[in-house]
Each structure stands twice: as structure tokens, then as C-alpha cells.
Amino acid sequence: NPVHHLHAAIQSIGLCKQKLERDRSVTLGWILFPAVFLHGSFDFIIMVLNFLSQLSEGADANDDDNGNESDNNLYYGLLGLWLSFSFIIGGLFYYFRESRAQMGRINQIDGARSFVGIKA
């Protein structure tokens, strides 16, 4: 599942900020929060779509028309697919934005360590 790898990469940004940048304000909770929030939101939406699909099937069982059930399942399936890709794209955007900012901060730290052009 590529989402789990993405969340690990997001967590690595927080860990690097804490350890490499020596930012002591970054705690374990702030390291885990973005990935847990994205993953929890993703799971919640998938579960809500599944619940709505099951409700739809129960309501359609009382009707004689079975074509409605397959339409609803297709709708919820496509909506779930679209939301899944949206979460992945949003997570990638967040990761690359934070990673780029972190690279700038780390380069500043490295630049401050150099003395007369020689790296420490």
C-alpha cells in the first residue's frame, strides 16, 4: 500500500526536524500527527462510503428494481477511488512542500558550519 510509505516519509520529516535541526519543540505527537490525521481521515471516509453503500443496498432490497443497487455501488466505488487518489495527491503535495522547506533549513545549518569555505 503506497499510502503507508507516504506516511512514513511524512513522519521522517518531523524526525529529521527534531534530530538533525535540533528543534526541541517538535515532540513525538507532532511527528506522528500529520500521518495519523491523513490515514485516519482516509479510513474514516472509506468506512462512511461503505456504510452508505450498505444502507443503499438495504433500501434497494425492499424495491423490485435491482438496477439501482449496481448504480449506487458504482457511484460509491468511483467516489471512493477519487477520494483515495485525492488523499494520496494531497499527502504527496504536503510531503514535497515540507521536504523542500526542510532541505533549505538543513542547507542553512550546513552553511553556518563552514569556515572559510571548508566544511566542518
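These legends walk through several close-up views of a predicted model. Residues are numbered from 1 along each chain as its sequence is written. As this is a prediction, local features need pLDDT of at least 70 and side-chain atom pairs count only at pLDDT 80 or more, while totals for chains, interfaces and linings use all residues; side-chain values use heavy atoms, with hydrogens and water left out.

View 1. Start with the layout: the protein has 3 helices and 0 strands, and the pattern along the sequence reads α-α-α. Helices here are DSSP runs of H or I with at least four residues, strands are runs of E with at least two, and both are numbered from the N terminus. Of the 120 residues in the protein, 23% are buried. Buried means under 20% relative accessible area, exposed means over 50%, and partly exposed is in between (1.4 Å probe, protein chains only).

View 2. The side chains of Glu21 and Arg105 meet here, at 2.7 Å from N to O. Glu21 sits in the loop between H1 and H2 and Arg105 in helix H3, so the pair ties together parts that are 84 residues apart in sequence. Glu21 counts as buried, at 15% relative accessibility, whereas Arg105 is partly exposed with a relative accessible area of 24%. For the record, a salt bridge is a side-chain nitrogen of Lys or Arg within 4 Å of a carboxyl oxygen of Asp or Glu, and by this rule the count comes to 2.

**View 3. Arg97 and Glu98 also form a salt bridge.** These two have their closest N and O atoms 3.1 Å apart. Glu98 is partly exposed, with a relative accessible area of 22%. Arg97 is partly exposed as well, at 43%.

View 4. You will find Arg22 in the loop between H1 and H2. At 54% relative accessibility, Arg22 counts as exposed.

**View 5. The largest pocket is lined by parts of H1, H2 and H3.** Its volume is about 280 Å³. Of the 14 residues that line this pocket, the closest to its centre are Gly14, Trp30, Pro34, Tyr94 and Glu98. H1, H2 and H3 are the elements that each give two or more residues to the lining, and the largest share, 6 residues, comes from H2. By class, the lining has 10 nonpolar, 1 polar and 3 charged residues. In that sorting, Ala, Val, Leu, Ile, Met, Phe, Trp, Tyr, Cys and Pro are nonpolar, Asp, Glu, Lys and Arg are charged, and the others, Gly among them, are polar. A pocket is an open set of points on a 1 Å grid over the protein atoms alone, with protein on both sides within 12 Å along at least five of seven lines; a cavity is a set where a 1.4 Å probe fits but cannot get out, and lining residues have an atom within 4 Å of a point. Grid points are joined across faces, edges and corners, and a volume is the space filled by probe spheres set on the points.

View 6. Phe51 is found in helix H2 (residues 28-61).
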